[in-house]
Amino acid sequence: MKLETIDYRSPDAAAQFVQSLRDTGFGVLSNHPIQQSLVEAIYKDWYEFFQSDAKEDFRFNPETQDGFFPADVSETAKGHSVKDIKEYYHVYPWGRIPDSLRANILAYYDHANQLAAELLSWVEAHSPDEVKALFTEPLPKMIDGSHKTLLRVLHYPPMKGDEEPGAIRAAAHEDINLLTVLPAANEPGLQVKAKDGSWLDVPSDFGNIIINIGDMLQEASGGYFPSTSHRVINPEGMDKTKSRISLPLFLHPRPDVVLSERYTADSYLMERLRELGVI
């Protein structure tokens, strides 16, 4: 089994995309509307930011969770004991952003949110009636006016050889949110766990966009759409000397959205953040 790339412009793109989500938890789109030149500019400018001391001036605020998170406070994936090898910056439109980086990153935030809303409408349109009946409101409406959707700029530094045993760039995990929208990074390494337990390489052709299901959509759909484990493996050979920049948008509903009889979006998020030790 392998993940196929779907042409966004294809007449049956929506049906193919939702079927791929259903089968693997992931969908990969080519010829999508997000400008490649904008993504490339962001990769370049934020790489330079991560190489500079300026990042320390934007150290994260524990209460609002915006700003720069250095490697020594990086996440430890649920069920793991070793921190991931990465540093990152949390971008919210209301949060702190370096002035020189603001225009491009907020333009991308808007474009990616617009695409995500369309993809949510695809998911709803191609869900069986019994699954649609579980959604307490239309899926695109769940994110309308949400201040919780997070754009994370990730920097995976070059491997130096002194990493903690067992540490990888991102240990196997599932995302918390509805959908995650990710431009193919500048280096490969993303893998998704198949139903048989094997790991599939996610196509990383520069210019593709990768979408995966988060736990909140799994919860809202009664498990019909699976939130699938994925990871970023360490590079081999010459690739060890390269940084990897990644730009996931984690699509979150408004806090008051009812996901299921058990959870609102807010109660679900708070439970998971406590499990991760973030709050």
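Helices are DSSP runs of H or I with at least four residues, numbered from the N terminus. In the predicted model described here, Ala133 sits in the loop that connects helix 4 (129-132) with helix 5 (139-142). The relative accessible area of Ala133 is 62%, so this residue is exposed. Ala133 and Ser221 are separated by 88 residues in sequence, whereas their C-alpha atoms are 9.0 Å apart in space.

The secondary structure of the protein consists of seven helices and 13 strands. The protein has 279 residues, of which 52% count as buried. Contacts were also considered by separation along the sequence. Among those between residues at least 6 apart, 74% join residues that are at least 24 apart.

Two helix pairs were examined, both involving helix 3. In general, two packed helices are described by the angle between their axes and by the distance between the axes. For helix 1 and helix 3, the axes come within 9 Å and cross at roughly 80°. These two helices are therefore roughly perpendicular to each other, because angles of 65 to 115 degrees are placed in that class. On the side of helix 1, the contact is made by Ala13, Ala14, Phe17, Val18 and Leu21. Helix 3 contributes Leu119, Trp122 and Val123 to this contact.

For helix 2 (residues 36-51) and helix 3, the axes come within 10 Å, and the crossing angle is roughly 135°. This angle makes helix 2 oblique to helix 3. The crossing of helix 2 past helix 3 is left-handed. The residues of helix 2 that make the contact are Leu38, Val39, Ala41, Ile42, Asp45, Trp46 and Phe49. Their counterparts in helix 3 are Leu101, Asn104, Ile105, Ala107, Tyr108 and His111.

Aromatic side chains were considered next. The structure holds 16 aromatic pairs. One of them is formed by Phe17 and Trp122, whose ring centres are 5.6 Å apart and whose planes make an angle of 75°. The pair is edge-to-face, because the angle between the planes is over 60 degrees. Phe17 belongs to helix 1 (residues 13-24) and Trp122 to helix 3 (residues 99-125), so the pair links parts of the chain that are 105 residues apart. Phe17 counts as buried, since its relative accessibility is 0%. Trp122, with a relative accessible area of 12%, is buried as well. Both residues also take part in the contact between helix 1 and helix 3.

Ring pairs also link Trp46, Phe49, Phe50, Phe58, Phe68 and Tyr89 into a cluster. Trp46 and Phe49 are also among the residues through which helix 2 contacts helix 3.

Two arginine residues lie over the faces of tyrosine rings. Arg22 lies over the face of Tyr224, at 3.8 Å from the ring centre. Arg152 is placed over the face of Tyr88, at a distance of 4.3 Å from the ring centre.

Another arginine, Arg272, lies in helix 7 (residues 265-276). Arg272 has a relative accessibility of 7% and therefore counts as buried, the limit being under 20%. When neighbours within four places in sequence are left aside, Arg272 is in contact with Glu174, Asp175, Ile176 and Asp215.

Key. Residues are numbered from 1 along each chain as its sequence is written. This is a predicted model: local features need pLDDT of at least 70, side-chain atom pairs count only at pLDDT 80 or more; totals for chains, interfaces and linings use all residues. Side-chain values use heavy atoms; hydrogens and water are left out. Rings of Phe, Tyr and Trp (its six-membered ring) pair if their centres lie within 6.5 Å; planes under 30 degrees apart count as stacked, over 60 as edge-to-face and the rest as tilted. Buried means under 20% relative accessible area, exposed over 50%, partly exposed in between (1.4 Å probe, protein chains only). A charge sits over a ring if NZ of Lys or CZ of Arg is within 6 Å of the ring centre and within 35 degrees of the ring normal. Axes are lines fitted to C-alpha atoms, for helices over the stretch in contact, and angles run from 0 to 180 degrees between N-to-C directions. Angles under 35 degrees count as roughly parallel, over 145 as roughly antiparallel, 65 to 115 as roughly perpendicular and the rest as oblique. A crossing is left-handed if the near helix is turned anticlockwise from the far one by less than a right angle, and right-handed if clockwise. Contact means heavy atoms within 4.5 Å.
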